[in-house]
Amino acid sequence: IKERDSFLMKALMADPDNTGLNYLSAKAFLISGKNDGARTMFKKILSGSPEHAGALSGTGMIELGDEAKKGEEMIRRALELAPDDPFVLFNTGKFYFDRNFFSEAAGALKKACQTDFDPPALFFMLGVSLNRVSEYKDAIKYLKQVENIDAFAIRANCELSLAYENTGNKEAAAEKLKAAAAMDPENISVLNAVAAIDYKAGKTEDAEKLYRKIAEKDPANAGALKGLADISYDAGRFDEAAQAYKKLTETGAADRESFHRAAFCFTKAGKNDEALDLTKKAAELFPDDIASQKAVAASYLSSGMINEAETVYAKIVSMKPSDIPSLLSLADIYYQNKKSGEALETYKKAAALSPGNPDVMLKMALLYSKLAKMNEAKQVLLEAIKIRPKDNELHYNLARIYHDDVEYENAEKHYQEAMKIDNMKADYYICLLYTSPSPRDRTRSRMPSSA
């Protein structure tokens, strides 16, 4: 690069107004990160040729740092003027790459690669972009071209590890990560990646040692905290997991699952207040995430805060009216809060969304029976039994409703049916039936011997 720049400078001194030489020099400066020199030369070109695509594109990349909108407009205009120019395509790809639009970046960079334009940064960015859009085999091809170039070696080896992992070559994946770690033994990002590979490979002890080593150097490192928390969680060490997940949530880098796992661990330890605080925080951070809203509703229920749970379930149902489990939970809470009308309407909504669902039908029938609407309760359960004739709960509950409505013969029929499925529970109810007052003489001699 130094030799190239030296020749360019000599040529420019001999012919300072040569557009081609200025353009070559500006490109060289930009790719080397010498933005001030590149800006001067691009500006000189644009003063004579305002629609010079390469100079527009290069200036746009520099302007992104100071005037983002202006820079973006220049990059887009350059692509319109010269859609096949490799330097314009390179800058367009880098623009998308820096904004994590990897599909668009890969498209532009692939086109640039079809020319003789071949700076190492092009292969590196294309390899990473292809990794992100799951084109792993092509990613390997481009990343291997820069794995031994100092400026890209560590990250290229990490990216190669990811690509190999996703193509099923676990051995090569581990080898590339270890190569990256050997280049920089103190690089925390690489150590995190090595630990993650070890953990996936079942080398839990090795992974835990590495994560602890990282945590000693950087106690707030999100990767290490999550790794240690996940290892403790999977091993059933919920107290350790809870503390690690809690620390992770305090770093601002926790995902939704980490919040939910932390809350679960605290609930397991009987620390409902801590669990509730975490689920509330997750619901605030991820207000559109149904799972986070359900977690906070469940925490409210665990803490006995029925009214708050009702509010959250009502919010979930408004966000996703087709969420049957939340509709059923909301209906159950309505019933507990003595809102029988709202409970029945909510069960009906769930039944309409899932017609012929015996679980929903059972809940509706039980509510009808509690509201003394025996005929409706019986009708719903008879329909449910047609759908699922071997469900003992349906037979038990229909028998009890018949029993309460003094229809002993029908009650006996369904108790007997239930007894074929679950003998002990059915016998208990038949005991109740045979000892109930009725128009018929029911003596103990008619009871089944098992009763």
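A: Thr249 is buried, with a relative accessible area of 5%, where buried means under 20% relative accessible area, exposed over 50% and partly exposed in between, using a 1.4 Å probe and protein chains only. The residue belongs to helix H15, which covers residues 238-251; helices are DSSP runs of H or I with at least four residues, strands are runs of E with at least two, and both are numbered from the N terminus. Leaving aside residues up to four places away in sequence, Thr249 touches Ala254, Phe259, Leu278 and Lys281, a contact being heavy atoms within 4.5 Å.

The model is predicted, so that local features need pLDDT of at least 70 and side-chain atom pairs count only at pLDDT 80 or more, while totals for chains, interfaces and linings use all residues. Residues are numbered from 1 along each chain as its sequence is written, and side-chain values use heavy atoms, with hydrogens and water left out.

Turning to the setting, the protein chain has 26 helices and zero strands, and 45% of its 451 residues are buried. Of the contacts with a separation of 6 or more, 42% are between residues 24 or more positions apart. The radius of gyration, taken over C-alpha atoms, is 34 Å, whereas a compact globule of 451 residues would have one near 22 Å, by the rule of 2.2 Å times the number of residues to the power 0.38. The C-alpha trace spans about 125 × 50 × 40 Å along its principal axes.

As for the cysteines, Cys265 counts as buried because its relative accessibility is 1%, while Cys158, at 22%, counts as partly exposed. The structure holds zero disulfides, a disulfide being a pair of cysteine sulfur atoms within 2.5 Å.
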